[in-house]
Amino acid sequence: MSHDPPTAPPSRAPSRNLYAVLFAVAIALVLGSLDNLILGVAMPTIVGELGGLEHLSWVVTAYALTTAVSTPIWGKLGDMYGRKGSFLTSIVVFLTGSVLSGLSQSMEQLIAFRALQGLGGGGLMVGAMAIIGTLVPPREQGRYQGLISATIGVAMISGPLVGGLITDHLGWRWCFYVNLPLGALAIVMISSLLHLPAQSVKARIDYPGVALLTTAIGAVVLLTSWGGVEHGWLSGVILGLIALAALATAGFVLAERRAAEPLLPLTLFRNGNFSLATGIGFLLGAAMFAATTFLPLFQQGAQGASPTNAGTWLLPMFLAMIGANIVVGKMIANTGKYKIFVIAGGALTATGFALLAQQAPDTSRLFSVAAMALLGAGMGCVMQTTLLISLQSVEPKNLGVASSTATLSRTIGGSIGVSVMGSLFTSQVSAALTDRGVGEAAAAVGGGLQLQADKLAKLPEPVRSAYEFAVAEGTDRVFLVAAALGLVVFAAAWFVREVPLAGAADSRNEETPVAASHA
């Protein structure tokens, strides 16, 4: 069992070490955020070298699955053994997976090592947010979480461009190796600057809970990945996965009720705010994946943009998200109010998606920019506020598991959302092409979303035009569904109870550890 060194006396003013620790935490978050965005640009090159196009989606799915499964485990380990040690361990596991992924000689190896990388990735977000929750008083958390979220936003903006530059000039393997210097810097800074109180908690890993949760999430991810694509919804495989997910979920609930140290304490969900924040986070994950996945598809497939230009066109959404995160964080810190931001975020998210659902191949850039800005502002309002609500709704000893649950809900929401919406998009595009009687385009689309702008430009004009409108119809349907999710967030936000946040002078702050200052 590892123990964190004792903390220095609390300080009421943020110390230099606090800012340094938060900077190191932000670096670790960038590792996970930037990695996926960089890899998306490099995937065509990777497939060209390693082959295995039929396994392409599993490079992403393997990472998402292990991230989702390991997220609550990392949160529990942080509560039991110490948040510093568990966070550093997750970084090391992530870097090990990165190195092995870069050394992969086949698609099967890459999938396996991406799964290992995801195991570490599951601890990055949950560990970072738990550390913030430990170091910073609740009322001040909005400000710092806003800065962290802004850091992730910058990674979102720069990721595709960085990925393209690395792939073109250094090779795709460096998309993984680039994590090493950043991770090493984060490890050195956290090891030397972060000092938390010693924890002496008897370790009791909830092995039945881990196994059942892994089975349930794995079945759900496979269900949403295969359903309607590789297997019909009424096929034996899909029905078996549904049954397996249901049985594993029921078994998990029973196991958690009996466990002495449950992986996910079900008592947390007795708090209405915690349950609402978890559900809203699930919907937010689905909405974010819909935006980042299908906006580039619309821009490339319906408007003929290159991948680099498509990434650039996402800038208004990410800038609005960053701005909303910073502004909302400061307003929460100054006023202690947060419910209104979840309500406003749900309304803006629904409005943004509803406007995006009206797009066509000839839609003006100004219209799209305005819609994406509204969407980004909405998601920025909801993103950090729901996490703050989750952390505020539990006792300090459960900060890690609360943070892990919030991250888990968004991860699962994104995985399920993008799978369901992907099936909806594909079926809508195929139906639209069939209605227009354009067999060549339907054959070009095939079984997935593989048609690129350069290939699209080589199609005969009637076929190209039909495909552009079909893609627009498919993304419009997806954005309408996402708008409905935004409306659900808006409605659910009204039921959030406005609980006063503790201020910097609150008694809880007297017991809150801070980053030690080395004079």
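## Basis of the model

Angles under 35 degrees count as roughly parallel, over 145 as roughly antiparallel, 65 to 115 as roughly perpendicular and the rest as oblique. This is a predicted model, in which local features need pLDDT of at least 70 and side-chain atom pairs count only at pLDDT 80 or more, while totals for chains, interfaces and linings use all residues. Residues are numbered from 1 along each chain as its sequence is written, and side-chain values use heavy atoms, with hydrogens and water left out.

## Helices α3 and α7

Helix α3 (residues 83-102) and helix α7 (residues 179-193) have axes that come within 10 Å and cross at roughly 165°; helices are DSSP runs of H or I, at least four residues, numbered from the N terminus. The two helices are therefore roughly antiparallel to each other. On the α3 side, the contact (heavy atoms within 4.5 Å) is made by residues including F87, L88, I91 and L95, and on the α7 side by residues including L180, A184, I187 and I190. The residues of this contact divide into 12 nonpolar, 4 polar and 1 charged.

## Residue S90

S90 lies in helix α3. Its relative accessibility is 0%, so S90 counts as buried (under 20% relative accessible area, with a 1.4 Å probe and protein chains only). Neighbours within four places in sequence aside, S90 is in contact with W74, G120, G123 and L124.

## Helix α12

The buried residues of α12 include P316, F318, M321, I322, V328 and I332. Just after α12, G336 takes a positive phi of about 80°.

Terms used. Axes are lines fitted to C-alpha atoms, for helices over the stretch in contact, and angles run from 0 to 180 degrees between N-to-C directions. Ala, Val, Leu, Ile, Met, Phe, Trp, Tyr, Cys and Pro count as nonpolar, Asp, Glu, Lys and Arg as charged, and the others, Gly among them, as polar. Buried means under 20% relative accessible area, exposed over 50%, partly exposed in between (1.4 Å probe, protein chains only).
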